[in-house]
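Notebook open, model loaded. I'll jot down what I look up as I go.

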Amino acid sequence: MQDERPSILIIAGFDQSAGAGILADVKTMEAHNVYAYAACTGFTFQNEQTITGIHWFSVKEIQQQIDLCFASAFFQWVKIGIARSPEILLQIIRHLQQHNPAIQVVLDPVIRSTSGVNFWDGIDRTAFESVLQQVYVVTPNWNEMEYLYPGDDVMEQCGALSASGNIYLKGGHHLQYPGRDYLWYNETQHILDASVQHVFPKHGSGCVFASALTANLAKGYELPEAAVRSKKYIEQFLNSNQSLLGWHQYL
């Protein structure tokens with residue numbers, strides 16, 4: 001008799017290098033013994049070094065994909081990656097809630113690429129904060145928070161936003177404390193320091209972390225423990241080799 005596996009729905013973009021997006025998410029889920037379904041928000045023309053264009057799917061096309069996934073399985077947890085705007089994210093989440101009013105969403109707010117390509121049409125902080133109220137946890141990195149709230153203190157802003165939802169701030173881009181992450185869970189701040197001294201940066205590491213976090217949550221771990229386990233996984237992934245594309249290892 002086969003072991004039962006949680007099923008998770010991924011809603012994200014498609015990256016040809018498989019370093020980020022749906023392909024990276026599926027590999028991460030498989031490494032965590034979780035089965036992943038996927039709906040594609042957009043087709044990015046890219047490899048691990050550059051993006052040359054994006055073809056976005058319409059909200060209706062994304063919803064049709066979601067409907068087909070729910071026709072096959074029931075989902076308690078969803079991981080969402082790139083979308084064209086916070087307004088579209090809201091439409092996607094509301095559609096998910098029609099299938100399961102208690103659905104839990106892990107949002108990786110991929111606003112722009114490391115190479116400087118913007119995914120969102122514009123910055124609407126009000127819409128982003130509305131999205132935050134609809135998800136279980138959001139996983140921005142330091143640069144994304146500075147882009148969303150230019151001139152504001154990132155830590156203070158995350159603390160204020162945590163009144164609306166859980167926040168995991170990835171610290172890999174922080175110049176003074178690279179590798180130190182922060183979790184605001186039930187408005188209480190937790191600090192997660194790196195367990196390794198040096199890592200090799202990887203394309204798509206934000207996607208991989210958010211997927212690992214979703215997988216651990218789906219397996220029943222509370223958010224603080226899921227965060228610790230996911231941080232350990234991403235450190236292993238970053239140090240799997242010295243290239244921009246990481247290797248996933250089964251747990």
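**Entry 1: a loop threonine.** I started with Thr139 and listed what it touches, leaving out residues up to four places away in sequence: Val106, Leu107, Asp108, Pro109, Glu144, Tyr168, Lys170, Phe209, Ala210 and Leu213. This is a predicted model, so everything here is read from predicted coordinates. Where does Thr139 sit? I found it in the loop between strand S6 (137-138) and helix H5 (142-148). Buried or exposed? Thr139 is buried, because its relative accessible area is 0% and the cut-off for buried is under 20%.

**Entry 2: the sheet.** Next I traced the strands. I get an open sheet of nine strands with mixed pairing, in the order S3-S2-S1-S4-S5-S6-S7-S8-S9. The edges are S3 (51-56) and S9 (188-192), each of which pairs on one side only. I then looked at how S1 (residues 7-15) meets S4 (residues 77-80): the two run parallel and four bridges join them. For Ile10, I noted Lys79 as the bridge partner in S4.

Which strands does helix H1 touch? H1 (residues 21-31) packs on the sheet and touches S1, S2 (35-46) and S4, with its direction at about 145° to that of S1. I also checked helix H2 (residues 59-72), which lies across S1 and S2 and runs at about 160° to S2.

**Entry 3: salt bridges.** How many are there? I have seven salt bridges in the structure, and I went through some of them.

Arg5 pairs with Glu30, the closest N and O atoms being 3.2 Å apart. That pair links distant parts of the chain, with Arg5 in the segment before S1 and Glu30 in helix H1, 25 residues apart. I looked up accessibility as well: Arg5 counts as partly exposed at 36%, and Glu30 counts as partly exposed at 29%.

Asp193 and Arg180 come next, their side chains meeting at 2.7 Å, N to O.

Then I checked Lys231 and Asp181, whose side chains form a salt bridge at 3.0 Å, N to O. Lys231 is in helix H8 (residues 223-238) and Asp181 is in strand S8, 50 residues apart, so I noted another link between distant parts of the chain. Buried or exposed, for Lys231? Lys231 is buried, with a relative accessible area of 7%, and Asp181 is buried at 6%. I also see Glu235 joined in: Asp181, Lys231 and Glu235 are linked in a network of salt bridges.

**Entry 4: helix H6.** Last stop, H6 (residues 154-161). Which of its residues are buried? I listed Val154, Gln157, Cys158 and Leu161. They cover an arc of only 100° around the axis, so they fall on the same side of H6. What do they pack against? I got helix H4 (125-132), H5, S7 and S8 for the buried residues of H6.

I looked at the N-terminal end of H6 too. Asp153 caps it, with a side-chain oxygen 3.1 Å from the backbone nitrogen of Met155.

Notes. Residues numbered from 1 in each chain as written. Predicted model: local features only at pLDDT ≥ 70, side-chain atom pairs only at ≥ 80, totals over all residues. Heavy atoms only, no water. Pairing = 2+ DSSP bridges. Contact = heavy atoms within 4.5 Å. Axes fitted to C-alpha atoms, helices over the stretch in contact; angles between N-to-C directions. Salt bridge = Lys/Arg side-chain N within 4 Å of Asp/Glu carboxyl O. Buried < 20%, exposed > 50% of the residue type's maximum accessible area, 1.4 Å probe, protein only. Arc of directions from axis to C-beta. Polar contact = N/O pair within 3.5 Å; in protein donor to acceptor, adjacent residues only side chain to side chain.
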